[in-house]
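Biologist: Before I take any label at face value, I would like to hear the rule behind each one. Could you walk me through this model on that basis?

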Amino acid sequence: MDAVTERQKAFRLYHDALGTPEKPSEEEFNAAFKGVFSSFEEFVEENLIIEDLTAEWPTAAKTYFDRKKFIDELALDYLVVEAEEEAYGVTYSVVYVFSEE
């Protein structure tokens, strides 16, 4: 999917997920849209969220960090919309990630 089509789909999904009759402004959408990923975990990894959080932690503390639970709870701070895409006749799942700030 080309970038323009992807952004149009993202805008529609964002508007639907907001559940409001009026469409969000282009500025609101641009501020909220974080990208399309194979999973929310991929979004977290690509943005180095955990690495930034734990950078100053001692190694022992990192050992006990529950990465999955943190990612699951972090997802509550974002609007994560599941969708399907197709390429070369293969359908696969993706997530569109939007901030809720």
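Modeller: Let me begin with strands and their pairing: two strands pair if DSSP finds at least two bridges between them, and helices (H or I, at least four residues) and strands (E, at least two) are DSSP runs numbered from the N terminus. This is a predicted model, in which local features need pLDDT of at least 70 and side-chain atom pairs count only at pLDDT 80 or more, while totals for chains, interfaces and linings use all residues. Residues are numbered from 1 along each chain as its sequence is written, and side-chain values use heavy atoms, with hydrogens and water left out.

Biologist: What makes β2 and β3 a pair?

Modeller: The strands β2 and β3 (residues 90-99) are joined by 10 bridges in the antiparallel sense, whereas the rule asks for at least two, so they count as paired. Within this pairing Glu85 stands opposite Tyr92 of β3, and Tyr78 has Ser99 as its bridge partner. Two residues lie between the strands of this hairpin, where Tyr88 takes a positive phi near 55°.

Biologist: Why are β1 and β2 called edge strands?

Modeller: The open sheet has three strands in the order β1-β3-β2, with antiparallel pairing, and β1 (33-37) and β2 (78-87) each pair on one side only. Neighbouring strands of this sheet are turned by 20° against each other on average, direction ignored, where axes are lines fitted to C-alpha atoms, for helices over the stretch in contact, and angles run from 0 to 180 degrees between N-to-C directions. Helix α1 (residues 3-18) packs on the sheet and touches β1, β2 and β3, its direction making about 140° with that of β2. Between β1 and β3 there are four antiparallel bridges, and Gly35 stands opposite Val97 in β3.

Biologist: Why is Ser99 called buried?

Modeller: The relative accessible area of Ser99 is 12%, and buried means under 20%, exposed over 50% and partly exposed in between (1.4 Å probe, protein chains only), so the label follows. Ser99 lies in strand β3 and, leaving aside neighbours within four places in sequence, is in contact (heavy atoms within 4.5 Å) with Ala31, Ala32, Lys34 and Tyr78.

Biologist: What makes Arg67 and Glu45 a salt bridge?

Modeller: A salt bridge is a side-chain nitrogen of Lys or Arg within 4 Å of a carboxyl oxygen of Asp or Glu. For Arg67 and Glu45 the closest N and O atoms are 3.6 Å apart, and the pair is a salt bridge. Arg67 belongs to helix α6 (residues 67-74) and Glu45 to helix α3 (residues 40-46), so the contact ties together parts 22 residues apart in sequence. Arg67, at 29% relative accessible area, is partly exposed, and Glu45, at 36%, is partly exposed as well.

Biologist: How many salt bridges does the structure hold?

Modeller: There are two, and one of them joins the side chains of Lys68 and Asp72 at 3.0 Å, N to O. Lys68 and Asp72 are four residues apart in helix α6, which means that about one helical turn separates them. Lys68 is exposed, with a relative accessible area of 57%, whereas Asp72 is partly exposed at 43%.

Biologist: Why is the pair of Phe37 and Phe43 called edge-to-face?

Modeller: Rings of Phe, Tyr and Trp (its six-membered ring) pair if their centres lie within 6.5 Å, and planes under 30 degrees apart count as stacked, over 60 as edge-to-face and the rest as tilted. The structure holds 13 aromatic pairs. One of them, Tyr14 with Phe29, is tilted, at 6.1 Å centre to centre and 55° between the planes; it links Tyr14 in helix α1 with Phe29 in helix α2 (residues 26-32), 15 residues apart. Tyr14 and Phe29 are buried. For Phe37 and Phe43 the centres are 5.3 Å apart and the planes lie at 65°, so that pair is edge-to-face, and both residues are buried.
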